[in-house]
Amino acid sequence: MGRQRGYDEGDVLDRSAATFLRAGYEGTSVEELVGATGLHRGSLYQAFGSKRGLFVSCLRWQLSEHPESEDTTDLVLVALLELAPRDEEVRGLLGEHLGRRGVTATDLGRRLLTRALLDETKDD
């Protein structure tokens, strides 16, 4: 029987997602994730396998626990821009989520502009 985890997985996923949101997937280092979560590098790899594994876990967590939040939409944008073009699993998760929620390209474009502080229509 394996050792019990000494951390709250939801908290680790929330902290990791926030870290990915600040700098994107490619711009986030494993060291930043270690610092944000308080996990040792070995524990992070043991629990999630890789930085990609942690990101996919964060994405799944956000989609299931906070499907309507702006942070989830922002993580979806990160996933669409940085992983979906080359990652079939991520593409599938995103396709299911966007289809189930009825999210349109216009919705995503507006959120992308808002995130970039360029959306002049947000007060409409």
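# Chat about the helices of a predicted model

Reader: Hi! Where does Leu 117 lie?
Author: Leu 117 lies in the segment after α7. Helices here are DSSP runs of H or I with at least four residues, strands are runs of E with at least two, and both are numbered from the N terminus.

Reader: Before we go on, what kind of model is this?
Author: It is a predicted model, where local features need pLDDT of at least 70, side-chain atom pairs count only at pLDDT 80 or more, and totals for chains, interfaces and linings use all residues. Residues are numbered from 1 along each chain as its sequence is written, and side-chain values use heavy atoms, with hydrogens and water left out.

Reader: Thanks! Back to Leu 117: is it buried or exposed?
Author: Leu 117 is exposed, because its relative accessible area is 72%. The cut-offs are under 20% for buried, over 50% for exposed and in between for partly exposed, with a 1.4 Å probe and protein chains only.

Reader: And what is phi of Leu 117 near?
Author: Phi of Leu 117 is near 60 degrees, a positive value in a residue other than glycine. Most residues other than glycine have a negative phi.

Reader: Let's switch to helix pairs. At what angle do the axes of α4 and α6 cross?
Author: The axes of α4 (residues 51-65) and α6 (residues 88-101) cross at roughly 10 degrees and come within 11 Å. Each axis is a line fitted to C-alpha atoms, for helices over the stretch in contact, and angles run from 0 to 180 degrees between N-to-C directions.

Reader: What does that make α4 and α6 to each other?
Author: Roughly parallel, for α4 and α6. The classes are under 35 degrees for roughly parallel, over 145 for roughly antiparallel, 65 to 115 for roughly perpendicular, and oblique for the rest.

Reader: Which residues in α4 and α6 meet?
Author: From α4, Arg 52, Val 56, Leu 59, Arg 60 and Leu 63 meet Glu 89, Val 90, Leu 93, Leu 94 and His 97 in α6. The contact of α4 with α6 holds six nonpolar, one polar and three charged residues. Here contact means heavy atoms within 4.5 Å. Ala, Val, Leu, Ile, Met, Phe, Trp, Tyr, Cys and Pro count as nonpolar, Asp, Glu, Lys and Arg as charged, and the others, Gly among them, as polar.

Reader: Nice. Which residues in α6 are buried?
Author: Val 90, Leu 93, Leu 94, His 97 and Leu 98 are buried in α6. Down the axis of α6, the buried residues fall within an arc of 120 degrees, so they line one face of the helix. That arc is taken from the directions from the helix axis to the C-beta atoms.

Reader: What do the buried residues of α6 pack against?
Author: They pack against α4, α5 and α7 (105-115). The face of α6 turned away from its buried side carries the exposed residues Glu 88, Glu 96, Gly 99 and Arg 100.

Reader: On to α5. How do the axes of α5 and α7 cross?
Author: The axes of α5 and α7 cross at roughly 100 degrees and come within 10 Å. That makes α5 roughly perpendicular to α7. The contact of α5 with α7 has seven nonpolar, one polar and four charged residues.

Reader: Which residues in α5 are buried?
Author: Thr 72, Asp 74, Leu 75, Val 76, Leu 77, Val 78, Ala 79 and Glu 82 are buried in α5. Their cover includes α1, α4, α6 and α7.

Reader: Tell me about Asp 74: what is it in contact with, leaving aside neighbours within four places in sequence?
Author: Asp 74 is in contact with Leu 21, Arg 111 and Arg 115, leaving aside those neighbours. Asp 74 counts as buried because its relative accessibility is 4%.

Reader: Last one: where is Tyr 7 found?
Author: Tyr 7 is found in the segment before α1 (9-23). At 22% relative accessibility, Tyr 7 counts as partly exposed. The C-alpha atoms of Tyr 7 and Gly 38 are separated by 9.1 Å, and these residues are 31 residues apart along the chain.
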